Every structure is written in structure tokens, then in C-alpha cells.
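Hi everyone, thanks for making time today.

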Amino acid sequence: MSDSVRYDDRTPRLFFLAAVVWAVVGMLVGVLIAAMLFMPGLNLAPYLTFGRLRPLHTNAVIFAFCGNIIFAGTYHSMQRLLKTRLFSDVLSRFHFWGWQLLIVGAALALVTGTTQGKEYAELPWILDIVIAVLWVTFAINFFGTIAIRREKHLYVAIWFYIATIVAVAVLHIGNSMVMPYSWFGSYSAYSGVKDALMQWWYGHNAVAFFLTTPFLGLMYYYLPKAADRPVFSYRLSIMHFWSLVFVYIWAGPHHLHYSAVPEWASTLGMLFSLILWMPSWGGMVNGFFTLRGAWHKLREDPILKFMVVAVTYYGMSTFEGPMMSIKSVNAVSHFTDWTIGHVHAGALGWNAFLSFGILYWVVPRLWKTELYSKTLATAHFWVSTIGLILYQVSMWVAGITQWGMWRAFEPDGRLVYPDFIETVIRIVPLYWVRLVAALLFFSGLLLLVWNVVKTIKSAPADYAVEPEVSAPPLVRDLAAPGAVTPANTYDHALYRLQHSLRHGVHRALEARTISFTVLVVLALAVGSLVEAIPMFFNKANVKEIASVKPYTPLEVVGRDIYIREGCYNCHSQLVRPFRFETERYGEYSKAGEYVYDHPFQWGSKRTGPDLHRVGGKYPSLWHVRHMARPNSTTPGSVMPRYPHLLTDRFDTSLVASKMRALRAVGVPYTDGDIDAAAAAMDGQAKAITAEVEAQQGPQGLADKEITALTAYLQRLGTDIRWKRPPQQPAFAPPAVPVAAAGQVGPAR
Amino acid sequence: MAEYEDKVLHELDGIKEYDNPMPGWLMAIWWGSLIFSAAYLIFYALSFGEGSMESEYRAEAQQALTEVQAHFDANPLVPPTPAELLAGAKDPAVLEKGAARFARTCASCHGEKAQGLIGPNLTDDRWIHGGSVGQIFQSVAKGWPAKGMPPWGRVVKPEELSALVSYVRSLQGSNPPSAKPAEGEPFAPEPIPGS
């Protein structure tokens, strides 16, 4: 074995460049949908509507931009931390090109409405398999590199990468369990409340293990490098790494307070979120205190500026998060723009800013040149920081305003703002502020692109020559000095154990990748299993309601249209047990009502009103007119138009496969139901269109998508009987004039 | 800030690691959150079934009911008389208020000019649920939920409800364009006093 290695810097170069490209794409879509929220005319149905572009935005910034940064930074730093070349050039290349193709495929899937209807897990099952293959590729390349390392101990950054790889694999597989009904369509294996729990176990931990742990790993490498200061505390690294990995996984159900998920689960979610405060802040403290003695550099160095704001925002978000997980605070923030502000504080402030800092530091080094312009980078910093602050403040104010308006009652028990649209129009000025904020942040990004391009252009011709570093191979077998005993004797084993424990248990663990990884898996498993097992095996958690029946075939098709158009991005299907919600929407939602919902569609944001009790609220013609032109039924509406629903025919060819897939995941359709599906659809569609036509609505909608969607909407929330609690005294009628009474027909 | 020893423990790729102790305040957050959570969990487990979100909701609804009842006891709800409703049909201030509410609440189903759309035409001389101002008031306040007409008495302010009925009465015989065919029983409109 040679005493030197050559690093593969081509792979990180490619990933860093891809990250920049996808950052532009993802954030541009973000700017567009920020504008769509109050300028509905920007929606171009069917492909470019808010409901389809919002998942494109989230997937692009998380999995394309941040994903590429993670791969780039991991591959770049791990070679240096382990003093070895990446395990396999072939795997690196396959991983790179595979991931970029996946992103293109994902974008196509999302704009065509091919979605699983679960937030941050929208991609169809076939792409989920591609993700799994690529993630395994990454894992093999990563652990392979560790196996051939020439540095015995794993640095803290590597611990965080290990946690990322293991956890994301488990989360992705756990939440993507579906029953396909076609090449691109599928139904979640879990129903209703269980699906909600799985989804937010996944969703919350995607934040944990895709946006937190890998970026902490990157911070632990690039921050001390950029500041040229030692890491503050090794002990703190150990403490906050293990507590973070153990505690984070429990916190998911805090997304489900006051929902139909049993209260014990969301209570655990809240408490573990509070406990998560220290483990999260451990990273911030280690980041900040590493800068002791380097603060003066901040004045000059845009890279450190980005990194310091990133760590600050990490600290703020991980404080705001536990606060928002407290039930009474969550009652305010949930379903409002406050959540959007919180997410962006983390995503823009922490992930993007840290990425920008890393890019400015790494690009000149990878291309063996100097940064084109420090002034441009500083300008980028200030423009984006102002955008960031405006973004957060506008969303806080919007969120609190909307909550305040939703819950306002008159003394006589009426809602002050009974029309939901009033609460939307009120926050439009704040949406303007957010759009300005988004544009500022995006212009900062364009400055980075310009700077990176000019820097790369100034690279010397030989920039691609791989650096050669002296690194002697590891001597694995430690023989006691002078010992001649065979390596397998008891004494020798004892000696080796003593030797490895000389610097503490953890130091010994850092030299044992497999044991380390197994412990990470165990830490992740505890919280996951404690929360999931009772949900799946204790029936008391989802009380059955006898009157709740499976959807009719037409409603199944309509529900798929609801999912395809991404309605859940703006409408919840969950009435919380608050007086201000039951007064506005009707009876609060029960777990047993969702047992046939594959996937659940509770949503997480109310840009429009809740829809769980919309069934029967309006005549069917109202829905027809509303989808064609929302302004015609709700003046001032910001909802996109869906005229294609009135002209496109709904798909009947897949109905039998859909029902069979649903049966496979537990919906009790009989063979008879499936055989009679076509007739049942026809009958229900005709009943709806008869009503529409009787009210002078458009003719000939019986085979159009709008009819299937209307069937679904009219079914929503109607399986249980409920009535509004009494509130005001009967409004006694004025006496009917005697003269007129005789002319009146019998009252119904 | 406390002084730290700054003893270098390891070095890797030029990155040194100090072995400083964890800040006391950070450990206080850790133990504090753990103790709080344990206490909360015990409290929660002991009050199992009570103090849960359902019972909180019931208490909230009950309290609201009491408060609203107290409000109505102090300010009894006096329904308008037919004479008042008819008088409103020629009072410009009332009509303006009624028209504004109609545009926001009723126009989406009955048409901007009450010509009928999803719901029936309100300008002709036939009525499904009775055409006296008193009956119209009833229909608006209580609704006909089975037929898609929501009860607006819980939503619209009492004085706006009256103005709305006066406004609808004022539209009688207005003959708007593209009116929906008449439905229901014939009803001769009650006279508006003084017109």
C-alpha cells in the first residue's frame, strides 16, 4: 500500500455545482408561489398551479439543493477527515448522475400531478424506489470509504453523517409503504390516523436528519476550517450528538396536537421536543464558542458572516420549535403562516446560509483559485439577511393576525369574521412583504451564482489534477510491545481492550464503525417503536365508528383528483376541538372517521378553509362554479381556477385496480363492489349532474372530473351525524300578517 | 463568560478539538427540560381521561353558552316586526346595508341581482318557502339546510339580517336580466307603506 492518497475532488465539485443550479430553480419556484398566494391569476392550470408547484418548491430546495450540498460536503470533507480517497469512482458517478436525473423526474412527476399526497414525500412509488437505490449507493460509497480509511478515529462530522444515512433510509422506507395500482399511482399502506403519525414521524425527522444532522456535520468541518479555530468542546460534541439522535425521533407527533391522533402520542411529541432544546443548542454552542478568538475576523470575512448567521438562526429555530410544540402555543401557530415563517427561518437562515458560507469557502479551494469578489459576497450576505428577517417577521405577523381573526367572537356568540376570505384578504399586505423578502433572498443567490461562475472561470488549467496527500495506511492489529503471544489469547484480548479504552469508551467507539452505527440504529429505534407499536396494535387508539363506510368508486376517483391537484397544500381536513373551529366548520374530527383514508389529507396549512365538514354544506352546483371560477362564489378568493375539471373526463379504466389496491391495504370492498363499480359510478354521477342541471347549471358533466371531485367533497365529514351546539336563543319569527297568511303555500 | 482551559485533545486534518466542559447554563436547560417533562408526564398520566382535549373543549363550549346566554338576558334579541321590515324597504340607509350584505353572502347562490342561480330567483312573485317578509326572515335566519340554504342567523348580525330582508323585499318585480324561471307558490307582495 502506498503511503499517499489522491482525493477525488471531481465528485464534490460536481455536487456543489448541481447544488447551485437547483438552488436557483427551487428558490425561483418559491418566489413564484409566494406571488401566486395573492395573485391567483399567475396560476396556469392544469400544470402550473400552487397545489402542484408548492411540492415542487419544497422538494427542490430540500432534496435537490440541500441534498446536493450534503453529498458534496460529505464527499469533500470525509476524504480529508479519513485521509483516503472515496471508495468507488463508479459509485460516485452513478450517485451524482442518478440523483440529478431523479430530480428531473421528480419535477416532471409533480407538475403533472403525479403525487402520493403526503408532504415532503410526494414522489410516486417508482421514484421512491429510485431514491432508495441511490441512497444505498451513497451508503455503500460512504461506509466503503470509512472501511478504507487511514485515520483510526471518526471525527464528530462523520458521526453526524452516519446518523443521517441510517435515519433517512429508515424514514424513507417506513413512510413510503404503499400499495401501487399503476406505474405511478399508489395508496398509502397506512390509513387515517396511523398515516398521519407515520407521515409526521417522517416529516419531522426529515427536518432532523436531512436538514439538521448532515448540516451539523458540515458545520463541524467547515466552521473551524473557515475560522481557523479549534472546536470548543469534544465532550459537548458527544453529549449533544447522542442526545440529539435519541430524542429527535420522538418529537414528530407535535405536528398533530388537538387532532384525532391520541393525546398520549402528541403529549410525548411535545415533551421530547422540549427535551430536544439542549441537544439542539449543543451544536449552536459548539459553533459559537469555536469562534472565540476569531470574532474580529467577522468584520472582514463574508464566509464567517454567513456561518455565524447560520448558527444564530439554527439556535433561534431550535428554540422556536420546542416553543411551538407546546400544546397551547401550537393551538395558535398550527395551520397559520407562523409555521411557514418557522420553516423558512430554519431552511433559509440555517441551511441556505451555511451552504452559502461553505460554497464561498470551498469553491476557490476546489478550483485552486481565489474568490472572484469578496465585495459581491458581502453584498449577497446583506441582501439575503434583510430578506430573511423580513420573511420571518411578515409570517409571524400574518400567522398571529389570522389566528386572532379565526377565533374572534362577538358577545352574542357569532364569529366576528364568519367569511374565511376576510381573514385571507387581511394578510395580503403581509404576503406582499414576504414576496419582497423572497425577491431579496433570491437576488442574493444570483450574486452568488455570478461570483461562483467568475471564480471558476479564473481557475488554472490544471485545477483538476487531484491533490496527493501523505497518509500511511492504518496498522490494524495492535500487538503489545515485545509480545510474542498469539493474537487470540485471553491476555492479548484484554490488552487490546485496555489499549482501546485508554482515552475513554467513546474514543474507543469512534474506532469501531459497526458498533457505532448499531448504537445509532438503537437510539433511533426506541422512540420510533414506542410511538408506533401502540398505534398499530392497540385498537383503543382509533375508536371504530359503525356509520363510517368506504368511499364509493366515484368518490375514490374524486379523491384522487383532490390529491392530484394538491388541495391539501392549502386546505386542511381536520377540525380541532376548539369552539372557534366547531362554530365555523362543524363537529370536531374523530379518529374513526378517517379509517378509509389512504393517504390521510389533514394538511398542515390553511390558506383556505378546512374542508372536513364541507360535505352537504353547499349545493353541488356551487362546487362546479367554484372550481371553474372561485371568484364567482367567493369574491376575493385567491384560489386558482380549475377549468379543466369541467372539460376533462375522469378516468374509469383504473377504478378496479384502485379498489383492489385499497382492499389490499384494508378497505373492505367486496368482489361485488368492484364488479359493480362502473354502474355505481354512473349512477352517482348522474344523480349529481341531475341536481346541477336542475339548478340551471352546465349540462353534460356526468363523465367529467368535476363530478367525481364534487362527489368526494359532498361526502366529506358526513358519515357521522352531528349538530351544532345551541348558542343563541331561537330567533322568534315576526308574526305573519293575517292578510298574507292565506296566500302562503304549506311550509316544508 | 467562564474561562476555559482550552486543552487540545485531538487534531485531524488541521482541525483541533478542545476538551472544554459543557457550559453550566446549557446543562441547566437539559436537566430542567427533563425534570419538567417527567413531572408533566406523571401529572398527565394521573389525570388520564380527565383534563384531556375533549373535556377542555366541552368546558369551553359550556362556558361560552353561559356567557352568550347572559348576554342575551341582558340584551334580549328583539325580532323586527313585519312593519319595520317593510318600512326598511324604502329607507336608503337600510337598503345600502342590505345590498352590501347581499353581495357578500347571498349573491354567490342567488345571483348578483337576485335573479336566481344555484338558489331560486328572489325577484319574482313565486316563493318556495313563503314570501311574506316574516317568512323570508325565517328562511334566512334558520335556513333550509337540506336544500343547500345555510342558516344565517348564527352568522349575520341581527340588524344586517333585517336589512337583508328589507333589501330582498325591495327587489320584488325588479325583473333582472337572465332571471331563473319562477318556482314555488304565488304570493302577492305585502305593500310597502307610503309607496
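A word on domains before we start: their bounds come from an automatic or database domain assignment. Chain B is divided into domain 1 (8–74) and domain 2 (82–186), and the centres of these two domains of chain B, taken over C-alpha atoms, are separated by 51 Å.

Please keep in mind that this is a predicted model, where local features need pLDDT of at least 70 and side-chain atom pairs count only at pLDDT 80 or more, while totals for chains, interfaces and linings use all residues. Residues are numbered from 1 along each chain as its sequence is written, and chains are lettered from A and ligands numbered from 1 in the order in which they are written.

Now, what is chain B built from? It has six helices and four strands, taking helices (H or I, at least four residues) and strands (E, at least two) as DSSP runs numbered from the N terminus. Along the sequence, the pattern reads β-β-α-α-α-α-β-α-α-β. The C-alpha atoms of chain B fill a box of roughly 95 × 45 × 30 Å along the principal axes.

Next, the partner chain. How many residues of chain B are in contact with chain A? The count is 63, and they meet 60 residues of chain A; contact here asks for C-beta atoms, placed from the backbone, within 7 Å. Among the elements giving two or more residues to that side of chain B are strand E1 (8–12), helix H1 (24–46) and helix H5 (133–142).

Note on methods
Two residues are in contact if their C-beta atoms, placed from the backbone, lie within 7 Å.
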